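Dear colleague,

I am passing on the structure below, together with some notes on what came out of looking through it. Please read the notes with the structure open beside you.

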Amino acid sequence: MSSEQSGPTGPDLRQGIAIDTLADGAMLAGHVGGDAVLLARRGAEFFAIGAACTHYNGPLAEGLLVGDTVRCPWHHACFSLRTGEALHAPALTPVACWTTEQRDGKVYVRQKVERPPRIRVKPVTAPRKIVIVGGGAAGFAAAEMLRRQRYDGSIVMLSDDASPPVDRPNLSKDYLAGTAPEEWVPLRDDAFYADQHIDLRLRTTVAAIDSDKREVKLADGSSIAYERLLLATGAEPVRLSLPGLDLPHVHTLRTFADSRAIIAQAANARTAVVMGASFIGLEVAASLRARGVEVHVVAPDKRPMERVLGAALGDFVRGLHEEHGVIFHLEDTASAIEASRVTLKSGGTIAADLVVAGVGVRPRLQLAQDAGLKIDRGVAVDEFLQTSAPDIYAAGDIARWPDPHSGAAIRVEHWVVAERQGQVAALNMLGARQPFDAVPFFWSQHYDVPINYVGHAEAWDDISVDGDIGQRDCVLRYRRNGRVLAVASIYRDVESLREEAAMELAHA
Ligand SMILES: Cc1cc2nc3c(=O)[nH]c(=O)nc-3n(C[C@H](O)[C@H](O)[C@H](O)COP(=O)(O)OP(=O)(O)OC[C@H]3O[C@@H](n4cnc5c(N)ncnc54)[C@H](O)[C@@H]3O)c2cc1C
Ligand code: FES
């Protein structure tokens, strides 16, 4: 996977393509001048839009057409073929659009055109003041969607982080590995917030919510009134109670500043201990290996990621990391950390000049709890992401919502879900009644191996494997009572997209 721009390839679409060569539902990557363009056929209609996904430049022609949308093969962003709009995160920027013309058995791509995004909500009683608590995935996507829908009231976004909204998944992957520059990390530059009249206040802690008065109280004692409030406070790393955890070479990873601090420490580190063998811990392990640091992973589990991905994929992930030199200490935990070593419960010690604790996260529920909102192992929301207080919505890592696909109320910690919930909450704060029914999706990247996962399975009766996990070419289906609840895949992007589309249809 690469985020680098490559020059456009394929035919010059201005010269025309024989209509017969493009079957219904087919896509073709070509170019118009210097622009990479995707030509897609839906019945008798032809569409031409930018060929590179605006998330990380995924090749849209290798994705899937669903209705009048195209889905990106890498992280399942969805673009309108009619307008180029980025309909579903993680892409938030539209692709360009061109007109097409059919003549003499050929289809020609003609003019580049601007097509405005579809306005999905006509507010009856539009609020004038929207406050968003949280400058992460859900908060940012909500603010962006509010302005995309031409909401012109005030948006105040409050974040206790020092950085503006960042591409958090990158903090453990390319940025930490040293293969993505600093500029890729912010979701938008500072000018965006000024241009869009989004009053982003960083280093600003919300201390309380007064839902009767409809205002949030800041830690500095001031208050801000709201008509609609979005709570998107995310999660924070679990902190173990362990001697030595406060030493300066011990880190957790949630923020841009955390990632920078690990990079600074890694510059002089020879050996690192990563505590935890789940997604963030192992992505950190891979990134530190890319920086030439010797990495030991200490975790109580029998296998990495087994609880989420099952034994076979867990063994594969372990083998993959071992191939890259990671040393595992499984079914073990750290009992103490000192300046240059970590002592294990089993009795041994590991030399370590850098320690990263990636032992899970805890949703930040305090504000919601204190405000008296209904809590159910997360902030309980209905299908419209509305909390038990009518003007307060919740989205992202804190929200437990009724998932129509699994039939259960679930809470997940996935980037794409948080962004999509932020988008739906934005529409609903403007008066739409759009249920949140997206199929959960996440991805994780280890060296050159991406793992994509659609659906949600907390328990299963069996896992069937199609393909070969060792060859990095597989689809795993997690079944319960004969029903496929979730699908994990490696380099089977179109199948992963098909499974997602089928799950969407099943509950449309
Ligand atoms: C290193 C890393 C890598 C990840 N990689 C992946 C991945 O590959 N794939 C995937 O699906 N997911 C990944 N995730 C998970 C994903 O980033 C989260 O699910 C997502 O960020 C959740 O979005 P959110 O908006 O709910 O919370 P966040 O993005 O955490 O944002 C919460 C915001 O709320 C603010 N806040 C909290 N409380 C207050 C308060 N009282 N006052 C003011 N501000 C407050 C915080 O400062 C922050 O700005 C990763 C997470 C991390 C940390
Ligand atoms: S590159 Fe398209 S969704 Fe990430």
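A residue is called buried here when its relative accessible area is under 20%, computed with the protein chains only. Please keep in mind that this is a predicted model.

By that cut-off, 9 of the 12 residues of helix α5 are buried, so the helix is largely enclosed by the rest of the structure. The buried positions are Phe279, Gly281, Leu282, Glu283, Val284, Ala285, Ala286, Ser287 and Leu288. The helix itself covers residues 279-290 and reaches 17 Å from its first C-alpha to its last, which is close to the 16 Å expected at 1.5 Å a residue. After α5 comes Gly292, with a positive phi near 80 degrees.

The other part of these notes concerns ligand 1, which is surrounded by 32 residues, the closest being Ala138, Asp160, Lys173, Arg254 and Asp397. Sorted by class, this shell consists of 13 nonpolar, 11 polar and 8 charged residues, and at least two of its residues come from each of α1 (137-148), α9 (415-429) and β32 (441-446).

Turning to individual contacts, an N or O atom in the side chain of Asp160 lies 2.5 Å from an oxygen atom of ligand 1, while a backbone N or O atom of Ala137 is 3.2 Å from an oxygen atom of the ligand. A polar backbone atom of Asp161 is 3.5 Å from an oxygen atom of ligand 1. Of the 1,000 Å² that ligand 1 exposes when taken alone, the protein buries 95%.

With best regards

Key: Residues numbered from 1 in each chain as written. Chains lettered and ligands numbered in written order. Predicted model: local features only at pLDDT ≥ 70, side-chain atom pairs only at ≥ 80, totals over all residues. Heavy atoms only, no water. Helix = DSSP H or I, 4+ residues; strand = E, 2+ residues; numbered from the N terminus. Expected span 1.5 Å × (residues − 1). Buried < 20%, exposed > 50% of the residue type's maximum accessible area, 1.4 Å probe, protein only. Near = heavy atom within 4 Å. Polar contact = N/O pair within 3.5 Å; in protein donor to acceptor, adjacent residues only side chain to side chain. Areas by Shrake-Rupley, 256 points an atom, 1.4 Å probe, with all protein chains shown as cover. Nonpolar A, V, L, I, M, F, W, Y, C, P; charged D, E, K, R; others polar.
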